[in-house]
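Morning, everyone. Please have the sequence and the model open, and follow along as I go.

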Amino acid sequence: MDGAIAADEAQNEADWKVGVDIGGTFIDFCALETRSGRVASLKVLTTPDDPGAELMAGLALLAEREGFDPTHTTRFVHGTTVGINTIIQRKGAPLALFTNAGFEDVIELARLRMPDMYSLFCARPDPLISRDMVFGIPARMRADGSETQAPDIAVVERAVAAAKAGGAQGIIVSFLHAWRNAAQEASVKAAIARLAPDVFVFTSAEVWPVIREYERSSTAILNGYVHPRVSGYLTALEERLRSCGVPARPMLTKSNGGLMNAAEGKRACVNMLLSGTASGVIGASWLARQAGEDKILTLDIGGTSADFALIIDGEAQFGTGELIGEFPLHIPSVSVSSIGVGGGSIASVDAQGVLRVGPESAGSAPGPACYGRGGERATVTDAMVVCGWLGHSEMAYGQLRIDTGLAHRAVGELAARLGRTIEQTAQAILDIAVSEMFVEVEKLASRAGVDLRDFTLMPFGGGGPMLGSFLARELGMKRVMAPRRPGVVSALGGLVADLRGDFIRTIFSPLSSASLPAIREAFEALAGEGRHWLAEQGHDAAAELNLFCDMRYVGQSYEIEVVLLPQWLADGDMAAIVRAFHLTHQQLYDFHDPDGDIELVNIRLSAIGAGPKLSFPQIDEVDAPVNPARRLPVYTGLGVETVDLHDRQTLMPGNTFHGPAVVVQEDTTFAIPAGTQARVDRHLNLLLTFPE
């Protein structure tokens, strides 16, 4: 009897799954209690001086407000900006680079490209490793993997001594053709470990063994640069979670939209540099599939930046070469375009009397003037307050109260310099912010070859709903879909994400029947690596293996990604591989050369372990009138209008109303322009439709 009672009690125990995402201003929490289906969410201001303290504060608030029990947490997923902020702020570890003698300038030369080719004053960023900390080692490996000169260990010994004397905490080893044969890098790493056991070492081949020495070296340098801070942060995270009784092993969101455990995160730091932006797109993809939307443009606006991504057929898009601060990251990542315009972006008047917005941000400390935390300069958020769209309820789950007087004072200082009214100046700040986002989105659409009129905009983040409708209208988009809790979509992305590991082999050969055995061998090796990696992550269920090739026409400088089916390899169907390349090239560039010779550069594999199958309940629609909570004056650009204010908590599926209107809720505020029809669907999404 007692055993049966104990079993029933165990069956009734709570099962919490928690997703956490740290942004520049807020840390977001999304917690799901799976037995009841209840979702709890929260935002807490970040503590830049003590990373991780906001996490403990948030968990304590979840326990206090929502009944969250940390001891019943079976899944804990965490995304952090520690890595990317380390690079942007240039506060990483002092490093040395060991490369081939004669190639010491590889990271300085890079690809000889300027960030802005049309500016006479443009300059490339300083490398993360200064020239005096780059050491040439006599060694040479041929492109076919044969060694012509073994590394001179005597020179390695002198270089290690010089690197330590220069203050290096870590050493990056990157030799020519290590993608083909990593033996020389491995031998030098072993020598360094023997000579200086207190210095950490990463080789380019172990981080990402891809052809092209600059890209391989740059990626390894990024990994080493953030390693001490990321490793220290994750160690502290594990200790803090243990101290509050969380039994679940922490998982981390990755740049590729998947997950890995914290132990791997300490080594493969480069894989989590874009974790926050990627998990936002994964959360948006999940919400889009739930709602049956197959083409989505995401708009994630936080305090510092606006991030855009395309979701096609319900799936995020992937690529390589994403920028981390000023440096390219050459590992597979969710394709996200970013611009320095967020809710905390500061508005200023330059020496020529021109109003500008961003990229400087007020962040969380001191934050926008209206937060009352010491900020004195006008921001996009202050402009929303002055226009009347914002400031009618508590923000961030009661964390903030808006001081409209401080917002008016900050914007008023700019208005006096411009000779405009305060409202006109505030509207100009919003117009500039929207126009800068418009330019970036148009670039994204052009690169992807899509017509945004076929897409639905999904705004999220704390600032996405504030500006999303205005951007969609300027882009000619017809629909906006705002999820129930847009402020915590990135945290939700961690909850629904899969385990995902990426693996690569560079083959670099003509695409022909003769290359088929090498492709098969590489696929089998990568498949083995992928299954082993999933097992190390604790995944013992079936694995999904996705295969890609990077190919190009002979004579082209860069390759394109082509999806391959393993069955083509099993059947020896080279014609299918060729057709797939031509079709992909046609889709991307609107032409293909059916007689052109093709080169195979890389074969890549993604090993995916499916995450938990979560779902939120659907609610039947009702046919009932919508009564606004009250009416309020808003400056819409043409003048002051009286608009309806709705409380999101009171809106039910089936409710419809028209703009202009303001919708307030715990984590954000929606600004809905005139002429817009709004409807709540069964998933509690707010759907906006613009007139033709």
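First, a term: contact, or touching, means heavy atoms within 4.5 Å. His-227 touches Phe-200, Phe-202, Lys-266 and Cys-269, leaving out residues up to four places away in sequence. Helices here are DSSP runs of H or I with at least four residues, strands are runs of E with at least two, and both are numbered from the N terminus. His-227 is found in helix α8, residues 213-243. Buried means under 20% relative accessible area, exposed over 50%, and partly exposed in between, with a 1.4 Å probe and protein chains only. His-227 has 16% relative accessibility, so it counts as buried.

Two notes on the source. This is a predicted model, where local features need pLDDT of at least 70, side-chain atom pairs count only at pLDDT 80 or more, and totals for chains, interfaces and linings use all residues. Residues are numbered from 1 along each chain as its sequence is written, and side-chain values use heavy atoms, with hydrogens and water left out.

Ile-172 lies in strand β9, residues 170-173. Ile-172 is buried, at 0% relative accessible area. What does Ile-172 touch? Leaving out residues up to four places away in sequence, the list is Leu-95, Ala-96, Leu-97, Phe-98, Phe-202, Ala-220, Ile-221 and Gly-224. Ser-204 is 32 residues from Ile-172 in sequence, and their C-alpha atoms are 7.3 Å apart.

Next, Phe-327, in strand β18, residues 327-329. Its relative accessibility is 9%, so Phe-327 counts as buried. Beyond four places in sequence, Phe-327 touches residues including Ile-87, Arg-90, Pro-125 and Leu-222. His-78 is another matter: 249 residues from Phe-327 in sequence, and 24 Å away, C-alpha to C-alpha.

On to helix packing. Two packed helices are described by the angle between their axes and the distance between the axes. Axes are lines fitted to C-alpha atoms, for helices over the stretch in contact, and angles run from 0 to 180 degrees between N-to-C directions. Helix α10, residues 275-291, packs with helix α15, residues 489-496, at about 75 degrees, and the axes are 7 Å apart. That makes α10 roughly perpendicular to α15. The cut-offs: under 35 degrees is roughly parallel, over 145 roughly antiparallel, 65 to 115 roughly perpendicular, and the rest oblique. Which classes of residue make this contact? Seven are nonpolar, seven are polar and none is charged. Nonpolar covers Ala, Val, Leu, Ile, Met, Phe, Trp, Tyr, Cys and Pro; charged covers Asp, Glu, Lys and Arg; the others, Gly among them, are polar. On the α10 side, the residues include Gly-276, Gly-280 and Trp-286; on the α15 side, they include Leu-492, Gly-493 and Gly-494.

Now helix α14, residues 464-475. The expected span of a helix is 1.5 Å times one less than its number of residues. Ten of the twelve are buried, so α14 is largely enclosed by the rest of the structure. Among the buried ones are Met-466, Phe-470 and Leu-475. Just after α14, Gly-476 takes a positive phi of about 80 degrees.

Next, strand β26, residues 544-553. Eight of its ten residues are buried, so β26 is largely enclosed by the rest of the structure. Two strands pair if DSSP finds at least two bridges between them. Met-551 stands opposite Leu-600 in β28 and opposite Ile-560 in β27. β26 and β27 form a hairpin with six residues between them, and Gly-555 in the turn has a positive phi of about 105 degrees.

Helix α18 belongs with this group. The buried residues of α18 pack against α16, β26, β27, α17 and β28. They include Ile-577, Phe-581 and His-585. α18 has 16 residues, 574-589, and reaches 23 Å, close to the expected 22 Å. Asp-590 follows, with a positive phi near 65 degrees.

Last, a sheet. Four strands form an open sheet in the order β29-β30-β32-β33, with mixed pairing. β29 and β33 stand at the edges with a single partner strand each, so one side of each has no neighbour in the sheet. Within it, β30 and β32 run parallel, joined by four bridges, and Asp-644 stands opposite Ala-661 in β32.
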